[in-house]
Amino acid sequence: MNRSPLLPLTVCALCAAWLAVCSWIALPGTVPVTLQSFALFLMLMLFPGKIPVISVAVYLLLGMVGLPVFAGMQGGVGVILGPRGGFLLGFLLMTLLDRGIALLWQKRTAAGQLACIAAELLLCYAVGTLWYMKMTHTQSILAALSVCVLPFLLPDAVKLVLSFVVQHPIQKRLGHMLHTIKRG
């Protein structure tokens with residue numbers, strides 16, 4: 001059967017837009033926390049495969065050409081090359097790692113899925129922290145972790161659990177469409 005690529009392409013575009021909108025929503029605090037990682041976690045749970053990879057790549061490309069899709073409604077290559085750009089690149093690495101895991105481990109349990117995304121988040125933290133250290137010339141890993149990781153551990157854990165909770169009603173509601181996309 002020859003299926004149209006329209007549905008997966010539309011989902012990729014919607015996921016890239018979802019990332020942008022969630023990056024603009026900042027929760028107040030001493031360190032602003034966006035809902036961007038929530039969007040990514042949910043995307044990884046709903047679409048283990050190519051869709052998150054393509055969606056994040058499109059999102060990054062849109063931001064690099066200057067569209068204000070990044071946190072704080074910023075855009076441009078300067079954001080990627082700035083101190084926090086490593087985390088944006090880390091999002092792409094998370095999706096690539098998830099794609100590889102999905103190919104090897106197609107029947108992930110709920111606990112396995114959470115563990116995979118938590119491990120992928122650790123990769124993002126590592127890449128983002130090292131990038132931050134390089135761009136800001138920070139010599140102390142502890143100083144970098146106190147800025148780049150520690151303030152986000154609890155909010156990211158909450159967002160991971162929340163995305164896990166809301167994925168089930170979404171999957172139930174969109175079951176046939178999601179199944180069609182996953183087969184493609």
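Contact here means heavy atoms within 4.5 Å. With that settled, I'll talk about helix α3 and what surrounds it. The model is predicted.

Under that cut-off, Q36, L40, M43 and L44 in α2 meet P52, S55, V56 and Y59 in α3. By class, this contact has six nonpolar residues, two polar ones and no charged residues.

Now the geometry of the pair. Helix α2 covers residues 36-46, and its axis comes within 10 Å of the axis of α3, with a crossing angle of roughly 150°. That makes the two helices, α2 and α3, roughly antiparallel, as angles over 145 degrees count as such.

Next, α3 itself. It runs over residues 50-64, so to speak 15 residues, and reaches 21 Å from its first C-alpha to its last, close to the 21 Å expected at 1.5 Å a residue. The buried residues in α3 are I51, P52, V53, S55, V56, Y59, L60 and G63. Just after the helix, G66 takes a positive phi of about 110°.

Let me stay with Y59. Leaving aside neighbours within four places in sequence, Y59 is in contact with A16, L19, A20, S23, Q36, V69, F70 and L88.

That brings us to the core. The largest nonpolar core has 42 residues, and Y59 is among those with the most contacts inside it, along with L40, F70, L88 and M94. The elements giving two or more residues to this core are α1 (6-24), α2, α3, α4 (77-81), α5 (85-104), α6 (110-136), α7 (141-148) and α8 (150-173). Of these, α2 gives the largest share, nine residues.

Methods
Residues are numbered from 1 along each chain as its sequence is written. This is a predicted model: local features need pLDDT of at least 70, side-chain atom pairs count only at pLDDT 80 or more; totals for chains, interfaces and linings use all residues. Side-chain values use heavy atoms; hydrogens and water are left out. Helices (H or I, at least four residues) and strands (E, at least two) are DSSP runs, numbered from the N terminus. The expected span of a helix is 1.5 Å times one less than its number of residues. Buried means under 20% relative accessible area, exposed over 50%, partly exposed in between (1.4 Å probe, protein chains only). Axes are lines fitted to C-alpha atoms, for helices over the stretch in contact, and angles run from 0 to 180 degrees between N-to-C directions. Angles under 35 degrees count as roughly parallel, over 145 as roughly antiparallel, 65 to 115 as roughly perpendicular and the rest as oblique. Ala, Val, Leu, Ile, Met, Phe, Trp, Tyr, Cys and Pro count as nonpolar, Asp, Glu, Lys and Arg as charged, and the others, Gly among them, as polar. A nonpolar core is a set of buried Ala, Val, Leu, Ile, Met, Phe, Trp, Tyr and Cys residues joined through side-chain atoms within 4.5 Å.
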